[in-house]
Amino acid sequence: MANYPLPKFHFRVEWGGAKIGFSEVSGLSVETDVVEYRDGSSPEFHKIKMPGMQKFGNITMKRGIFQGDNDYFKWWNTVALNTIERRDVTISLLNENHEPVVVWKIKNAWPSKVQSTDLKSDDNGVAIESIELAHEGLVMQNGD
């Protein structure tokens, strides 16, 4: 049997206990800053490099608009006096049995941007809305 990489089109997003259908997720990234240091008595004529603080990219998720489905906007509207409802979000890449194979766990996410669909009179496309999440941590798990 051939060994193929996983396809990326079968995935699930969960937030606040709800499973939400999205058509696209992007921005699942983490970056570690590089800290350079050299003391004056070092026999090496270069700096050493150490891992510094981590940075997490914002996550953008897109989905079709459904009448009466306002979960985006309810979450967005929790902003009050410099606070907002934070949620843990789990994104899972699924196998053919709908079981998680790769999982991204996002900590303390909150919507930093909500964007409605563009409107075009001669377009047959689906109305797509997007939400951009800022967060404070991303843990990736691949397999057991």
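User: What should I keep in mind about the model before reading the labels?

Analyst: This is a predicted model, in which local features need pLDDT of at least 70 and side-chain atom pairs count only at pLDDT 80 or more, while totals for chains, interfaces and linings use all residues. Residues are numbered from 1 along each chain as its sequence is written, and side-chain values use heavy atoms, with hydrogens and water left out.

User: Why are strand 7 and strand 8 said to pair?

Analyst: Strands are DSSP runs of E with at least two residues, numbered from the N terminus, just as helices are runs of H or I with at least four, and two strands pair if DSSP finds at least two bridges between them. Strand 7 (residues 87-94) and strand 8 (residues 100-115) are joined in the antiparallel sense over seven bridges, so they meet the rule for pairing. Within this pair, Thr 90 has Lys 105 of strand 8 as its bridge partner.

User: What makes Arg 12 and Glu 14 a salt bridge?

Analyst: The term requires a side-chain nitrogen of Lys or Arg within 4 Å of a carboxyl oxygen of Asp or Glu. For Arg 12 and Glu 14 the N to O distance is 3.3 Å, and therefore the pair qualifies. By this rule the count comes to 10 salt bridges.

User: Why is Arg 12 called buried, and how is Glu 14 classed?

Analyst: Buried means under 20% relative accessible area, exposed means over 50%, and partly exposed lies in between, with a 1.4 Å probe and protein chains only. Arg 12 has a relative accessible area of 19%, so Arg 12 is buried, whereas Glu 14, at 25%, counts as partly exposed.

User: How do you know that the salt bridge of Lys 55 and Asp 33 ties together parts that are apart in sequence?

Analyst: The side chains of Lys 55 and Asp 33 meet at 3.2 Å, N to O. Because Lys 55 lies in strand 5 and Asp 33 in strand 4, the pair ties together parts that are 22 residues apart in sequence. Lys 55 is partly exposed, with a relative accessible area of 41%, and Asp 33 is also partly exposed, at 29%.

User: Which residues meet in a salt bridge at 3.7 Å?

Analyst: That salt bridge joins the side chains of Glu 36 and Lys 47. Glu 36 is in strand 4, and Lys 47 is in the loop between strand 4 and strand 5, 11 residues apart. With 42% relative accessibility, Glu 36 counts as partly exposed, and Lys 47, at 49%, counts as partly exposed too.
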